[in-house]
Amino acid sequence: MLGVCYYPEHWSESWWEEDAARMRSLGITHVRIGEFAWSRIEPEPGRFEWGWLDRAMDVLAGAGLKIVLGTPTATPPKWLIDRHPDILPVDEKDQVRGFGSRRHYSFSAPAWIQESRRIVEAVARRYGEHPGLAGWQTDNEYGCHDTILSWGQHDLAAFKQWLRRRYQTPQALNEAWGNVFWSMELRSFDEAFLPNLSVTETNPAARLDFWRFSSEQVAAYNRMQVEILRAHSPGRFITHNFMGLFHDFDHWDVGDDLDFATWDSYPIGFTERFPFSEEEKIRYARTAHPDMAAFHHDLYRGVGRGRWWVMEQQPGPVNWAPWNPIPRKGQIRLFTWEALAHGAEVVSYFRWRQAPFAQEQNHAGLNLPDRTLSPGGEEAAQVGRELKALGSLPDGGQAPVALVFDYEASWITRIQPQGQDFDYAEMTYRWYEAVRRLGLDVDIVRPGASLKGYRLVLAPTLPYVSDAAHAAFRDAEGFILFGPRTGSRTRTFAIPDNLAPGPLADLIPIKVIQVSSLRPGLQEPLTGTVQGTATRWREDVEAGARVQVHARFEDGCPALMSADSKAYLAGWLEGQGLRDLMAWCLDRSGLEGMQLPEDIRLRRRGALTFAFNYGNSTWDVAASLGKVVIGSRELKPGDVTILAT
Amino acid sequence: MLGVCYYPEHWSESWWEEDAARMRSLGITHVRIGEFAWSRIEPEPGRFEWGWLDRAMDVLAGAGLKIVLGTPTATPPKWLIDRHPDILPVDEKDQVRGFGSRRHYSFSAPAWIQESRRIVEAVARRYGEHPGLAGWQTDNEYGCHDTILSWGQHDLAAFKQWLRRRYQTPQALNEAWGNVFWSMELRSFDEAFLPNLSVTETNPAARLDFWRFSSEQVAAYNRMQVEILRAHSPGRFITHNFMGLFHDFDHWDVGDDLDFATWDSYPIGFTERFPFSEEEKIRYARTAHPDMAAFHHDLYRGVGRGRWWVMEQQPGPVNWAPWNPIPRKGQIRLFTWEALAHGAEVVSYFRWRQAPFAQEQNHAGLNLPDRTLSPGGEEAAQVGRELKALGSLPDGGQAPVALVFDYEASWITRIQPQGQDFDYAEMTYRWYEAVRRLGLDVDIVRPGASLKGYRLVLAPTLPYVSDAAHAAFRDAEGFILFGPRTGSRTRTFAIPDNLAPGPLADLIPIKVIQVSSLRPGLQEPLTGTVQGTATRWREDVEAGARVQVHARFEDGCPALMSADSKAYLAGWLEGQGLRDLMAWCLDRSGLEGMQLPEDIRLRRRGALTFAFNYGNSTWDVAASLGKVVIGSRELKPGDVTILAT
Amino acid sequence: MLGVCYYPEHWSESWWEEDAARMRSLGITHVRIGEFAWSRIEPEPGRFEWGWLDRAMDVLAGAGLKIVLGTPTATPPKWLIDRHPDILPVDEKDQVRGFGSRRHYSFSAPAWIQESRRIVEAVARRYGEHPGLAGWQTDNEYGCHDTILSWGQHDLAAFKQWLRRRYQTPQALNEAWGNVFWSMELRSFDEAFLPNLSVTETNPAARLDFWRFSSEQVAAYNRMQVEILRAHSPGRFITHNFMGLFHDFDHWDVGDDLDFATWDSYPIGFTERFPFSEEEKIRYARTAHPDMAAFHHDLYRGVGRGRWWVMEQQPGPVNWAPWNPIPRKGQIRLFTWEALAHGAEVVSYFRWRQAPFAQEQNHAGLNLPDRTLSPGGEEAAQVGRELKALGSLPDGGQAPVALVFDYEASWITRIQPQGQDFDYAEMTYRWYEAVRRLGLDVDIVRPGASLKGYRLVLAPTLPYVSDAAHAAFRDAEGFILFGPRTGSRTRTFAIPDNLAPGPLADLIPIKVIQVSSLRPGLQEPLTGTVQGTATRWREDVEAGARVQVHARFEDGCPALMSADSKAYLAGWLEGQGLRDLMAWCLDRSGLEGMQLPEDIRLRRRGALTFAFNYGNSTWDVAASLGKVVIGSRELKPGDVTILAT
């Protein structure tokens with residue numbers, strides 16, 4: 001199904017009817033509204049103006065559209081900030097982040113919690129049972145513009161409480177953090193401080209705890225909204241629109257409180273921002289990198305426990321990347337079908353019409369700033385027609401491959417990279433890319449989630465292996481590949497007593513003696529079953545007797561080793577070496593892949609197979625993939641072929 | 001004529017007589033003094049020490065020098081700042097910018113306005129009718145060191161007043177800025193805030209208005225000084241010394257209140273700072289890029305409504321660029337003649353003698369720190385002799401080509417670049433260079449100024465086309481080429497209802513549907529009458545029926561098009577493609593150019609033609625350019641040939 | 001002798017005995033403890049816990065180890081900072097630098113001086129005459145994390161006093177600094193201000209004085225500790241552990257108050273941080289650049305007036321550089337022998353055991369985080385055995401070459417680089433490298449120290465030549481080469497009246513007319529006796545009649561010139577040109593060198609010659625160097641050969 005994001009408050013009321021009718025004619029079924037409208041809903045403290053929104057909802061519902069209503073907490077109005085300036089977040093350099101854009105609040109400010117409760121309850125009471133209301137979106141893009149970590153007085157006060165709950169005594173905290181080092185010991189929780197503004201780096205255990213605390217504050221804030229909405233809006237779903245390339249809070253936790261996950265898919269802007277090579281950035285500037293959208297689809301399917309939407313789909317050029325090219329012709333349609341192929345229930349475009357004013361005026365919509373379809377709008381209309389022709393889509397099932405994704409792994413490696421280019425997002429993405437190039441579907445899973453049913457499990461790195469994660473690995477049925485640094489830290493950011501891989505040593509008896517981070521230009525070739533060259537990172541490993549070594553570094557140290565069905569890679573691999581490694585894993589796990597061309601991707605949904613061409617050459621779709629339902633066996637650049645078996 | 005900047009307060013009084021005599025012997029007629037001397041003029045609050053300055057003026061005037069006296073407001077002394085610390089400017093990060101260098105004031109601080117009036121009036125009363133006084137320079141280099149935008153309490157207070165005057169009601173302001181977006185609406189002007197320190201980018205309309213306000217504050221401050229000086233110093237000229245590569249306030253506006261414009265010409269330092277390629281920076285490190293001085297000469301001739309000086313001419317290596325090489329031999333002479341060729345009435349060197357102390361001790365003068373001429377001083381002496389031989393120079397006239405230069409265009413594209421390398425200064429400069437390479441003289445004109453008499457008008461970009469600008473384009477007699485983004489924004493920074501080029505659609509009926517900013521490496525080739533490759537920027541244009549398309553992008557979209565004598569270029573061109581485009585424009589406008597070698601430039605002044613060689617090869621000056629008056633028909637590297645027809 | 005840094009407070013008391021015994025078995029004789037333990041020594045204000053430290057000292061002494069005790073002032077505990085928050089340093093942007101790491105104090109805060117006296121006296125009284133105590137280390141790494149310059153209220157107050165003492169009257173200060181420039185004149189010392197936060201650059205003379213003041217504050221602070229320790233701990237040595245690549249205070253001054261110098265040698269991390277070419281950084285990533293350790297050994301031998309240790313020797317990968325590779329096998333042994341070859345009395349490894357917690361958990365130790373030797377520990381053990389076999393080492397003597405190293409030269413060129421890449425550290429290092437490549441030993445000496453006995457003296461640059469330095473140059477017996485900018489500034493950061501080289505003009509009668517800083521890509525070839533190409537910097541020099549010119553730039557200006565035994569180089573040379581210049585200097589000074597391969601270095605200590613191989617090829621040690629005592633005549637990559645004559 002298709003959806004769209006709409007801002008009735010931006011347009012003359014006289015346009016609403018026509019807009020709604022045109023949405024329907026494009027095949028759009030869902031419309032999201034309201035998430036930035038606080039100043040119109042409550043223009044003065046306590047004075048609510050419901051009339052315009054009542055009318056807007058009625059017009060949309062009247063046209064047969066299902067409404068997703070956003071709580072307007074991402075944009076508290078000026079009068080609220082003037083009354084409670086202590087709500088404003090504070091950056092790591094101790095600068096207050098002011099009014100004038102959005103997300104200007106700290107999750108820990110008491111007045112903010114209270115004001116949020118008030119406005120969410122007001123909106124929920126007003127519209128909770130509106131017949132056109134399908135469900136709710138809480139707030140908007142938690143964390144956007146680097147707003148998870150705030151460093152002000154309320155953040156410190158709440159962090160002190162959190163520490164007290166977690167550690168009970170200052171002695172326990174001192175012990176856990178190793179505060180004896182550099183005389184950082186605290187005599188009481190009142191002496192606790194935020195890990196910023198120090199002369200040199202602060203204690204990494206403190207920084208990890210502050211990140212965990214901050215992530216939990218987001219989950220608590222979201223849960224507060226969810227509880228109010230559930231109370232006043234029975235039977236409606238509740239979701240949140242997460243972002244791409246963003247790991248500052250634990251999305252698995254927030255997802256637990258939602259009915260399903262949604263995310264905002266801007267693959268071309270993300271490609272500009274991701275640490276791709278210059279060559280890749282140029283090559284994929286107008287299409288996005290072929291795994292950019294897919295990776296997130298699979299991630300948020302996991303976060304939504306199988307159910308998810310794209311809440312905002314890029315409809316043309318955007319305004320926020322360093323450069324913002326017009327997408328290649330066909331790309332908006334391709335993105336839409338790709339989301340559906342990965343299991344999206346709804347793909348909702350952002351936005352109905354390009355705004356001619358304010359911050360996002362260079363962000364395309366399905367319509368130009370006037371009332372004519374944009375090029376992206378034309379492509380959406382085509383999908384609408386194709387969807388109608390195709391009928392309802394079958395359910396997808398469990399994929400053969402699981403990739404373990406962990407937000408704490410991102411925090412730990414950012415707090416302590418040890419080598420400047422050790423990037424968790426990049427590493428995870430490259431592993432995903434390598435296995436997807438072999439034509440396999442992937443589920444992205446939470447550490448500790450059951451791994452049963454997966455033939456292959458990839459854990460690019462997981463520095464802290466919790467008891468739950470350990471148990472899931474132990475009980476897994478397939479082949480598991482662990483990447484470097486896995487098991488290298490305890491829960492309190494210390495080196496395990498038995499050294500890395502810590503608790504996993506009972507699954508694969510090895511010991512990491514030393515680690516080496518490698519500046520660009522330093523290379524550590526591997527020889528053995530898998531060839532390739534480690535860059536960025538390698539480890540010196542001592543392998544126990546029952547460990548089989550499959551590849552070694554030039555100095556003889558084990559590079560790839562396994563014990564039974566558990567393997568460990570002691571370095572950073574990319575490119576062909578990484579793809580060869582994945583092929584080896586497939587072999588070990590009894591999976592069959594196919595070598596796809598660099599820019600072709602496949603995805604299955606029940607009996608349907610979808611093929612996508614991100615490249616510049618036509619691909620002849622193999623007969624074995626089924627018979628063509630939409631498109632052509634000659635898959636042209638930018639095109640989609642749908643096949644049925 | 002030649003001039004020099006002199007600081008009697010830096011030297012033993014016993015040197016003054018000799019210095020003045022030596023100035024005269026070099027052919028110097030004008031001397032600028034006083035602009036940084038506040039602490040010597042008023043060493044304690046209210047206690048004035050006129051004696052030394054009286055004597056200095058008498059010595060200089062006695063030697064026959066005409067004096068330009070600067071008001072000393074660029075350097076308020078420590079006692080003044082200690083009394084009124086709220087005068088200090090505040091940077092965008094909310095940091096007060098302190099005492100210790102210069103320009104440490106906000107244009108909006110009431111105490112500063114009052115203190116400025118007091119000192120200007122005191123100096124004007126004392127010397128306004130001094131027989132040696134030729135005229136005044138107000139302050140010094142407004143905006144130097146990024147001092148136009150200040151973000152403190154007085155700036156906010158004045159901005160609120162400005163908004164109130166401009167918009168009358170908060171509703172009008174909310175409407176104009178599109179504040180409904182992200183709930184940024186204001187209930188009163190008291191709620192207004194400065195567009196800094198927000199979580200993410202602020203409203204571009206707010207930023208543009210703050211820039212306009214800041215620019216108007218400069219003009220008002222300058223006007224205040226001008227009025228005092230006019231009252232006390234009848235018959236003397238008033239000017240200000242503007243800078244190169246600086247667009248933070250509207251120089252056209254400030255120029256309106258002056259008798260003529262002057263500027264400070266440091267072409268070698270500017271070449272180091274300008275976004276040239278590395279190759280160009282190396283190639284021109286010791287000569288400056290061939291259009292660097294000329295571009296500014298033509299700009300400030302415009303700002304001065306035909307009358308202008310170089311107030312500070314680089315006399316050797318400077319101290320403030322990342323690298324400061326010794327100019328190539330002959331270059332100081334070349335710079336001087338080039339300024340005269342473009343119409344300068346006086347070329348005044350900065351400074352008479354290199355200061356051995358304080359911030360600028362590595363800045364050359366006409367003399368070494370002692371009493372001997374520097375290499376640059378020797379070259380100035382040569383110009384003095386040549387000028388004497390040549391006699392008075394004829395007046396220049398209107399050039400055949402006009403280039404429209406707009407300060408708001410600079411602000412708008414900096415506020416919203418959309419592509420990281422869309423640089424207004426660079427674009428304008430490259431268009432100027434391309435047409436100058438064809439041997440043509442150029443006038444740089446203000447948008448809205450009459451374009452009558454010009455055979456060719458270039459508007460590299462003009463995002464906001466005012467009614468006056470529209471009328472001038474409409475009434476122009478020559479051929480006009482508009483660059484991309486022209487007409488793409490309204491006065492309040494919104495997309496026009498009819499899309500770009502907005503009001504110009506009646507002159508050339510096209511419509512810009514989408515814009516694409518292109519990262520380095522992305523290329524959009526043009527085919528048609530003009531070939532070349534767009535980089536950085538392209539647009540998707542729909543052209544009306546009566547529009548003729550001269551070149552297209554590979555996807556068929558129009559790249560260069562015209563209707564009657566108005567043409568539009570839908571992308572960023574540079575290098576050979578841009579030069580070909582200019583040749584095409586010449587052809588269309590019936591102008592005849594000549595293909596000059598890369599490093600040769602010409603400029604006419606009445607019957608005289610000046611040729612300058614910035615390159616490394618000798619150029620044989622064409623006989624058609626006239627008979628040699630100074631120099632040789634073999635124009636050697638670094639040399640000047642003057643011809644008469 | 002060997003030593004180690006140990007933190008008994010980090011480990012279970014039950015491990016101490018075994019640790020001490022294992023130290024002894026490795027051949028370790030010295031152990032440093034205590035320097036970060038304030039929060040354990042005085043857990044609450046005024047409550048001292050001596051028990052644990054008493055026991056630790058007794059265990060270590062009982063095992064026969066000689067103890068170096070650090071005063072714990074580098075890490076004031078939280079309770080102290082909460083009581084005296086004004087102790088915290090302030091950065092140049094006016095941001096207070098908070099608690100949470102180390103060195104969080106201003107050297108000028110009165111409360112800090114008082115608290116420091118109190119804790120140093122307490123520790124000195126307690127352990128000053130402990131039988132195991134060999135000596136003291138004051139504080140730890142003064143200046144680490146950029147902590148010499150602090151910009152707070154106490155710093156300003158102390159700076160005002162310092163200015164008053166130095167200049168007596170504000171008029172004298174105004175005159176010395178050239179404050180008339182830009183009206184910066186002060187009416188009283190109360191008006192003085194710190195040279196930060198200004199609109200543009202502050203007065204360089206003020207900045208130099210503030211740096212001198214800050215350096216003197218360090219020396220005074222250290223002297224305060226030294227006096228207390230001397231009073232309570234007769235007969236024990238006092239030292240401080242200086243850092244590598246760090247010039248923010250005058251180490252010669254602090255060294256004057258110590259019994260000998262020590263430094264912390266992390267050659268691989270320093271190689272990553274030094275401005276080497278990318279190619280060099282890759283080539284030497286795992287070995288360090290061959291002169292990195294040696295340069296500092298020679299420097300600190302000078303600072304210690306002939307006596308010095310390595311207090312912290314890198315034992316494996318570290319944690320603080322952008323990348324931290326595992327050292328090449330053998331490198332820890334090589335570093336240890338190299339320090340001994342240059343005259344170290346003790347080489348003390350940092351640290352005994354890798355800490356599993358807090359900020360430095362990725363920093364290797366001689367032991368893994370458990371109780372087994374690390375790879376570096378194994379190499380230390382080998383040195384221990386070799387040392388035992390070799391017996392006591394002979395004394396070294398004066399080297400044939402002196403290199404003049406000046407901290408003020410570093411400050412002056414950083415305050416006023418004039419060319420962005422004029423880097424004093426780099427220049428000095430490259431001169432050292434070039435002469436070391438010729439096989440010569442070098443002493444690094446203080447300007448003004450006697451130069452008698454040296455055959456060759458190198459002064460890469462010395463902008464301010466004091467009377468003492470001038471006298472030493474005048475009285476030197478060998479050949480002297482001065483580099484560019486020497487003598488170009490007075491004591492108060494002004495250009496000398498006679499221009500550069502100022503006072504040296506009586507030794508070599510030349511005059512620097514202009515200086516040119518050259519961006520990368522600009523080259524100034526030399527022709528003459530010495531060939532090569534100047535980059536970064538060149539000067540236009542007028543040479544007096546009795547000056548002999550050995551090489552010229554292409555425009556004929558002298559590039560290398562001499563008068564009697566004093567030579568002057570008017571540009572920046574590097575690479576082969578610089579090595580040729582050094583060979584020419586050897587020739588002029590009658591020294592004989594040998595052309596060593598790029599990665600081989602020699603060093604003599606009495607009758608012993610040590611050869612080190614930093615490269616990848618075996619070197620056949622020349623028979624002339626003596627007979628092999630340790631190692632082999634085939635000097636393999638990473639190996640050491642010791643020869644005796």
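Trainee: Where does Arg351(B) sit?
Mentor: Arg351(B) is in the loop between strand S9 (347–349) and helix H14 (375–390) of chain B. Helices (H or I, at least four residues) and strands (E, at least two) are DSSP runs, numbered from the N terminus. A cis peptide bond, with omega about 10 degrees, links Phe350(B) to Arg351(B).

Trainee: Before we go on, what are the ground rules here?
Mentor: This is a predicted model, where local features need pLDDT of at least 70, side-chain atom pairs count only at pLDDT 80 or more, and totals for chains, interfaces and linings use all residues. Residues are numbered from 1 along each chain as its sequence is written, chains are lettered from A and ligands numbered from 1 in the order in which they are written, and side-chain values use heavy atoms, with hydrogens and water left out.

Trainee: OK, and what is the peptide bond from Ala500(C) to Pro501(C) like, cis or trans?
Mentor: That bond is cis, with omega near 0 degrees. Pro501(C) belongs to the loop between strand S13 (479–482) and strand S14 (510–517) of chain C.

Trainee: What about phi of Gln418(B), positive or negative?
Mentor: Positive, near 70 degrees, in a residue other than glycine. Gln418(B) lies in the loop between helix H15 (407–415) and helix H16 (424–436) of chain B.

Trainee: Switching to sheets: what is the strand order in the open sheet of 4 strands in chain B?
Mentor: The order is S21-S22-S26-S24, with antiparallel pairing. Two strands pair if DSSP finds at least two bridges between them.

Trainee: Why is one side of S21 and of S24 left without a neighbour?
Mentor: Strand S21 (600–605) and strand S24 (627–630) of chain B are at the edges with a single partner strand each, so one side of each has no neighbour in the sheet. Neighbouring strands of this sheet are turned by 30 degrees against each other on average, direction ignored. Axes here are lines fitted to C-alpha atoms, for helices over the stretch in contact, and angles run from 0 to 180 degrees between N-to-C directions.

Trainee: And how many bridges pair S22 with S26 in chain B?
Mentor: There are 5 bridges, in the antiparallel sense, between strand S22 (residues 608–613) and strand S26 (residues 640–644) of chain B. Phe610(B) has Ile642(B) as its bridge partner in S26(B).

Trainee: Now the contact of chain B with chain C: how many residues does it take from each?
Mentor: It takes 57 residues from chain B and 45 residues from chain C, contact meaning heavy atoms within 4.5 Å. About 4500 Å² is buried between the two chains, with carbon and sulfur atoms giving 55% of it. Buried area is the accessible area (1.4 Å probe) that two parts lose on being put together, summed over both.

Trainee: Which three residues supply more of chain B's buried area than any other three?
Mentor: Trp323(B), Ile326(B) and Gln359(B), which supply 17% of the area that chain B buries against chain C.

Trainee: How many salt bridges are there across that interface?
Mentor: The rule finds 5 between chain B and chain C; it asks for a side-chain nitrogen of Lys or Arg within 4 Å of a carboxyl oxygen of Asp or Glu. Glu272(B) and Arg519(C) meet in a salt bridge at 2.5 Å, N to O. Helix H2 (38–41), helix H4 (78–83) and helix H11 (278–283) of chain B each supply at least two residues of the side that touches chain C.
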